[in-house]
Amino acid sequence: MRVANVGGRLHLMTAGHEGVDVEQVSGGRFGSDPTAIYERWDEFVAWASSADLPRGSELAKEDLEAPVPFPKQTFALGLNFKDHAAETGMDLPEELQVFTKWSSSFCGPIAEVPLVEGDLIDWEVELVVVIGAGGRDISEADAWDHVAGLTMGQDISARRRQGRGTRQFSIAKSFRNYSPMGPVVVTPDEMNNRDDIRLGCSVNGESRQDGRTGEMIFPIPKAIADLSSIVELYPGDLIWTGTPAGVGQGRKPRQFLNDGDVLESWIEGIGTMRQAFRS
């Protein structure tokens, strides 16, 4: 199953790029809020799997907004791929490295992004987990049962700001449109292998990242277990799960985004995104 945010309203994808407005086709049983649906996720999935839905309307990717625009909590994992840790010259972390991204930086899969701080703006394609059933002290064995779906994000990073003072990770990754997401949220059962998903990105048509989530240091079940041992997870929470090697900061020589560049990202089973950068 796939869901999307179209103009701030929850849509259920019925085929290809077609979708129906959930509030309308459910007769008001479910509301239009793309974030609130995760409070009733199991009920919604049961309804969607048996509902006699009409043919959907064709949706352009430009019409899509961030699929989960206002999560209660957002967790972002740093250095969660072995090859990415190696390219930065840092040791493998022994525990989760966590920061956040504020929702004012969220945008849909097609966006124009301002280059806010000179020539050190970097790309980081990531698989993003959407929590369905929340809780504390979730075991690794049960963790996937707490996942509603998966989407894609670009953790665009202002490296100059990121390295300042006490290392400003969260604020450096939360400028306007620095957290594009989408195009849809996909339930894990649609993946060929939910534990090993291919993802990557290109700049101006040249490949920059191409990795697999099976290379994570802290796989999704481990990350959920570790986070929930400290905090309570809530329905609709997001976990940005880290990026594979190939970021601009790790290249030799280093490469960053410039005015006019086009960043295209993809994750198998989820789709593609595109951002254009402007000074």
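Reader: Which residue in strand 19 stands opposite Ile110?

Author: Arg274 does. This is a predicted model, in which local features need pLDDT of at least 70 and side-chain atom pairs count only at pLDDT 80 or more, while totals for chains, interfaces and linings use all residues. Residues are numbered from 1 along each chain as its sequence is written, and side-chain values use heavy atoms, with hydrogens and water left out.

Reader: What makes strand 9 and strand 19 a pair?

Author: Strands are DSSP runs of E with at least two residues, helices runs of H or I with at least four, both numbered from the N terminus. Two strands pair if DSSP finds at least two bridges between them. Strand 9 (residues 110–114) and strand 19 (residues 271–278) are joined by 5 bridges, so they pair. They run parallel.

Reader: How do you know which face of strand 9 is covered?

Author: Buried means under 20% relative accessible area, exposed over 50%, partly exposed in between (1.4 Å probe, protein chains only). Ala111 and Val113 form the covered face. Ile110, Glu112 and Pro114 form the uncovered one.

Reader: Why are strand 15 and strand 16 called a pair, and what sits in the turn?

Author: The pairing rule applies again: 6 bridges join strand 15 (residues 198–203) to strand 16 (residues 206–212), so they pair. They run antiparallel. Cys201 has Gln209 as its bridge partner. The two strands form a hairpin with 2 residues between them, and Asn204 is in the turn.

Reader: Which peptide bonds are cis?

Author: One joins Gly182 and Pro183, with omega about -5 degrees; Pro183 lies in strand 14 (residues 179–186). Another runs from Lys252 to Pro253, with omega near 0 degrees. Pro253 is in the loop between strand 17 and strand 18.

Reader: Why is helix 6 called mostly covered?

Author: Of the 9 residues in helix 6 (residues 220–228), 7 are buried. Ile220, Ile224 and Leu227 are among them. The buried residues pack against strands 6, 7, 11, 12 and 17.

Reader: What makes a nonpolar core here?

Author: A core is a set of buried Ala, Val, Leu, Ile, Met, Phe, Trp, Tyr and Cys residues joined through side-chain atoms within 4.5 Å. The largest has 48 residues; Leu150, Ile220, Ile224, Ile239 and Ile270 touch the most other members. A second, separate core has 25 residues, including Val20 and Phe30.

Reader: How do you know what lines the largest pocket?

Author: On a 1 Å grid over the protein atoms alone, a pocket is an open set of points where a 1.4 Å probe fits, with protein on both sides within 12 Å along at least five of seven lines; lining residues have an atom within 4 Å of a point. By that rule, 24 residues line the largest pocket. Leu79, Met90, Gln162, Arg167 and Phe169 lie nearest its centre. Its volume is about 410 Å³, the space filled by probe spheres set on the points, which are joined across faces, edges and corners.

Key:
Contact means heavy atoms within 4.5 Å.
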